[in-house]
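Visitor: I would like to go through this structure and ask what stands behind the words used for it. Please show it first.

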Amino acid sequence: MKMLVCLCKSHLQTLIPELHILHFLTRPISRSYRPKRIITKDSLEFTNSFLKNKCGLSGKALIKASKFFDFNSSYPRPDSVLDLFRTYGFPPSSITKIITYYPRILQCYPHKAIQPKLDYLLSISASQSEVVDIVTKFPNILKRSLCNHLIPFVNQLKCLTGCYPSVVAFLKCNPVVLGMNTTNSTLLNIKFLVTLGVSHSQILKFLKMYGHAPNMPNDKFRDVVLKLKDMGFDLESSYFLTALRSLTCINDSTWKSRCVLFKSFGFSDQETVSMFKNLPTVMCYTEKTIIDKLEFFLNKLQWTTYRLSNCPAVLTYSLEKRTIPRCSVLQVLASKNITSKSCMLSSIVIMTDREFIKNFVTAHKDEVPGIMEAYQGKLRFDEYTFKQKGQLRLKPE
């Protein structure tokens, strides 16, 4: 008897896989089968006409959007979506952009899926135009849940920036953050600035000036901020904001290579830091740009590294279009012994075109041949001898 039971069990075990296969082959497949959508010629023509004439789509945007759906004149929802946007002050150009990036919005229930989000954004902003601006820049905002995402996210931003107007100002510059999670690095980075005592107004300036800079990974952002703090930057100064932006645009290897480059021209470590503190963007210049400008100021104008590190603003201007032509004008004037009052060369490089032309070109063009050619960059010198400890004496008006 026991042998019979064992034989039955063994036979059943060999049959089980076959029974599973048989069940798979014979079970209904209606649950996983979706009938292919039948697109009639009339519905396709109506959809394309709607997207083109009412939504303003054309070209690739029209072709892409038409793939998501087809409808006819008896389907009122797309018109209701457009009517809702118009009610909230969205101009045709904004509606076109929203539908281009988010075509499926035409299938949404406007008063359930769209209007509550617009009302919430309007409740925290000062004007309807701000809501239009934010949504137009980042239509995917309308995809996110109001209660589970938008409200919690905005409330966190409010705690970090101080008030709703500050949140709106930030969102106008960087609305993409509304599509991020609450654990995203952007919020973590803002929180870190708050823990260091950076004021809400300073944080807001940073967010408005450099909207995407706070999006960098939190560990790198922390390292950059602490590095600037160790250098002696005032966390409430505009130089700190510019330096923070500059270092978020380059990596450690670029920073090190720039330091090596300055050192090769004779800058001490302290002078390199001084240069960066006075002109944080200098580290973002290309290597060729830095080399060309340092060679001109240090070699042809014979500036010292100390002087250049304390007055690096002259490096922000184009050598070819501004610095060299002006120095050539000064050299022409010096060759004619036109002297009187003192002017710092750095001030001459920085002054406006109108002021420079009036004081140094127009005032002397009749008595000094070649001055106009020098200003136009047609006349250059291998050596500039007008410098006297950074001062040039010029004839008064």
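Guide: What follows is a set of questions about the terms and the values behind them.

Guide: This is a predicted model, in which local features need pLDDT of at least 70, side-chain atom pairs count only at pLDDT 80 or more, and totals for chains, interfaces and linings use all residues. Residues are numbered from 1 along each chain as its sequence is written, and side-chain values use heavy atoms, with hydrogens and water left out.

Visitor: How many helices and strands are in the chain?

Guide: The chain has 21 helices and two strands.

Visitor: What share of the chain counts as buried?

Guide: Of the 397 residues, 41% count as buried. The word means under 20% relative accessible area, with over 50% called exposed and the range in between partly exposed (1.4 Å probe, protein chains only).

Visitor: Why is Val 168 called buried?

Guide: The relative accessibility of Val 168 is 2%. The limit is under 20%, so Val 168 counts as buried. Val 168 is found in helix α9. Leaving aside neighbours within four places in sequence, Val 168 is in contact (heavy atoms within 4.5 Å) with Ile 124, Ser 125, Glu 130 and Ile 134. The C-alpha atoms of Val 168 and Ile 134 are separated by 8.5 Å, and the two residues are 34 apart along the chain.

Visitor: What covers the buried residues of α7?

Guide: The cover includes α5 (92-101), α6 (110-124) and α9 (164-173). The buried residues of α7 (residues 128-137) are Glu 130, Val 131, Val 132, Ile 134, Val 135 and Thr 136.

Visitor: What makes Met 351 buried?

Guide: Met 351 has a relative accessible area of 13%, again under 20%, so Met 351 is buried. Met 351 lies in the loop between α19 (345-350) and α20 (353-362). Not counting residues up to four places away in sequence, Met 351 touches Arg 322, Arg 326, Phe 356 and Phe 360.

Visitor: Which residues have the most contacts inside the largest nonpolar core?

Guide: They are Phe 85, Leu 228 and Leu 308, in a core of 108 residues. Helix α18 (residues 319-335) gives the largest share of this core, seven residues. Such a core is a set of buried Ala, Val, Leu, Ile, Met, Phe, Trp, Tyr and Cys residues joined through side-chain atoms within 4.5 Å. Among the residues that Leu 308 touches are Phe 267, Met 275 and Trp 303.

Visitor: Why is α12 called oblique to α13?

Guide: The axes of α12 (residues 218-231) and α13 (residues 238-249) come within 10 Å and cross at roughly 135 degrees. Axes are lines fitted to C-alpha atoms, for helices over the stretch in contact, and angles run from 0 to 180 degrees between N-to-C directions. Under 35 degrees counts as roughly parallel, over 145 as roughly antiparallel, 65 to 115 as roughly perpendicular and the rest as oblique. The angle therefore makes α12 oblique to α13.

Visitor: How do you know that α16 and α18 are roughly parallel?

Guide: Helix α16 (residues 287-300) and α18 pack at an angle of about 5 degrees, with axes 12 Å apart. The limit is under 35 degrees, so α16 and α18 are roughly parallel to each other. Asp 292, Lys 293, Phe 296 and Phe 297 of α16 make the contact with Leu 319, Thr 323, Ile 324 and Cys 327 of α18.

Conventions
Helices (H or I, at least four residues) and strands (E, at least two) are DSSP runs, numbered from the N terminus.
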